[in-house]
Amino acid sequence: MPSFFNPQTTNAVELTQLLAQRKITSVQIVEVYLAHTEQHNPGLNALISQPPRQKVLAAAAKLDQERSDGKLRGPLHGIPIILKDCLTTASDLGMSTTCGSLALVGAKARKNAAIVQRMIDGGLIILAKANMTEFCGMKMTYMMPGWSAHGGQTLSPYVRVIEKDEKILGHSAPGGSSTGSGVSLSAGFAPLAMGTETIGSIVTPSSRNALYGLKPTVGALDADGAFTMTEFYDSPGPMAKSAADIRALAGFLLGRGFEAAPPGDVGSWKGLKVGVVDPRLWTLDESMCRQHEGTAVNMVEEYESMVETLRKSGCSLQYPFALPNLSGYPDTISLAHWEFNNICLPKFLKIFDNFPIRSVKDIVKFNQDNQERAMPEPYTEQNDLIKAMNSNEPAEEVDAVKAELRAKARGILDGAFDTAGVNVLAGPCDSGFCVHAAAAGYPVGAVPLSTLRYNGRPFGLCVVARAGDEEALLQFMAAYEAAMPARAVPVL
């Protein structure tokens, strides 16, 4: 097959331009990605489900014909995308929706999740479903990100192995629960991907795959028909290899016209004021990430070099920016257990017709009855599922926890925004920085920073803005990308 473009480096906006110029077709784009995926996915295990080849090529051909007829469905007409396996696809698309659980294998959805249907209606081509941490991590505490009983373990294309006795956010660990989506992009299986985030599930795999990622304001995107661990924290969001791609996909999904940014503002710091926290204070605990010789120093050096680069490029930047720590928050894990058991999973399971699994209790029993396959070594527990199953506190108590948590987080962030006059806060992705945003329900994103000399693993910068101000994050991403060196591309 002729090489029309490099699938690892070409972005969606560039492909859209090639399509508009009639230099390529969507069928040819799909064929390139399918061939590349067939060659490289076996070593990375990023995908959990793919439609029949002819089905996806037929969808691309139909969109090519529509383009020839002058009928474009949207700004990303004819562009492929990979979805995290918790974003429900109707069974007639030829892909499953399992959230990585063997208990859901064979379940047939009668319709697409609302956000998936919006993408299809807008002319995007669903190329595959990505592997993920099973139930976004709501199975066993300290399960390695990117592992599921149904999909196995996804590996980083930069590191290729997970070190013995690795911590869940250690330097060879591949990311958060949207790991398959992130690896699919950096490995070149599609130009765009969708993930979901509770706390760090888009940000972390974006960081560890040298990507741009965005979790919009909680509630901004319609999650109807998709699996979420909680309604309080969770949001679907786009992941991509460029700031322009994030802008295009976020603009389409949110319906706010981000794809048509104000002239002159894309790639500029105009109107942005940024507070950057101290990376020495914002780190991961040794229980989450074991440091190796030089890794901590390496990350601080690159971080402070980034600060100077942004300053020289014209960024109005305060560093080091003081932000209160995370102490004093109520029990966030119990909140997730309760919502998963009492709201989110039962609502999600209703989309499957004539399927026996209807509750957390059903899944726990399935895993017990199929322990060898569902809970193999070293993931022989389902303690989080059991805690969720037994989480039956009165709704009023949980609502009080939510209100306290949201008020505290917004107080911390709004105090920082207002007192210092900044509209973007930034910190290391390899830290608990994104927890504030999750608790507040504010939009949060990730941008690539550098790679570790230790093993070549990328790491990134996490950015937060006020509720509804995705535009500030998108503008930051574009200006940051223009100022910083090109993202690292893995050698496959």
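Contact here means heavy atoms within 4.5 Å. Keep that cut-off in mind for what follows.

This is a predicted model, in which local features need pLDDT of at least 70, side-chain atom pairs count only at pLDDT 80 or more, and totals for chains, interfaces and linings use all residues. Residues are numbered from 1 along each chain as its sequence is written, and side-chain values use heavy atoms, with hydrogens and water left out.

Start with Ala-193. This residue sits in strand β6, which covers residues 192–197. Strands (E, at least two residues) and helices (H or I, at least four) are DSSP runs, numbered from the N terminus. Ala-193 has a relative accessible area of 0%, so this residue is buried. Buried means under 20% relative accessible area, exposed means over 50%, and partly exposed lies in between (1.4 Å probe, protein chains only). Leave aside residues up to four places away in sequence, and Ala-193 touches Ile-81, Ile-82, Ser-181, Leu-185, Gly-237, Pro-238, Met-239 and Leu-249. Tyr-212 is 19 residues from Ala-193 in sequence, and the two C-alpha atoms are 11 Å apart in space.

Now step back to the whole chain. The protein chain holds 15 helices and 13 strands. Its radius of gyration is 21 Å, close to the 23 Å that the globule rule gives for 492 residues, so the chain is as compact as a globular protein of that length. That radius is taken over C-alpha atoms, and the rule is 2.2 Å times the number of residues to the power 0.38. Along its principal axes the C-alpha trace spans about 60 × 55 × 40 Å. Of the 492 residues, 60% count as buried. Take the contacts between residues at least 6 apart in sequence: 78% of them join residues at least 24 apart.

Next, the surface. The accessible surface of the protein chain is about 18100 Å², and carbon and sulfur atoms account for 52% of that area. Accessible areas come from the Shrake-Rupley method with a 1.4 Å probe; for residues, only the protein chains shown count as cover.

Finally, the cysteines. A disulfide is a pair of cysteine sulfur atoms within 2.5 Å. By this rule the count is zero. Cys-99 is in no disulfide, and the nearest cysteine sulfur, that of Cys-86, lies 5.6 Å away. Cys-99 is buried, at 0% relative accessible area. Cys-462 is in no disulfide either; the nearest cysteine sulfur belongs to Cys-429, 5.0 Å away. With a relative accessible area of 1%, Cys-462 is buried.
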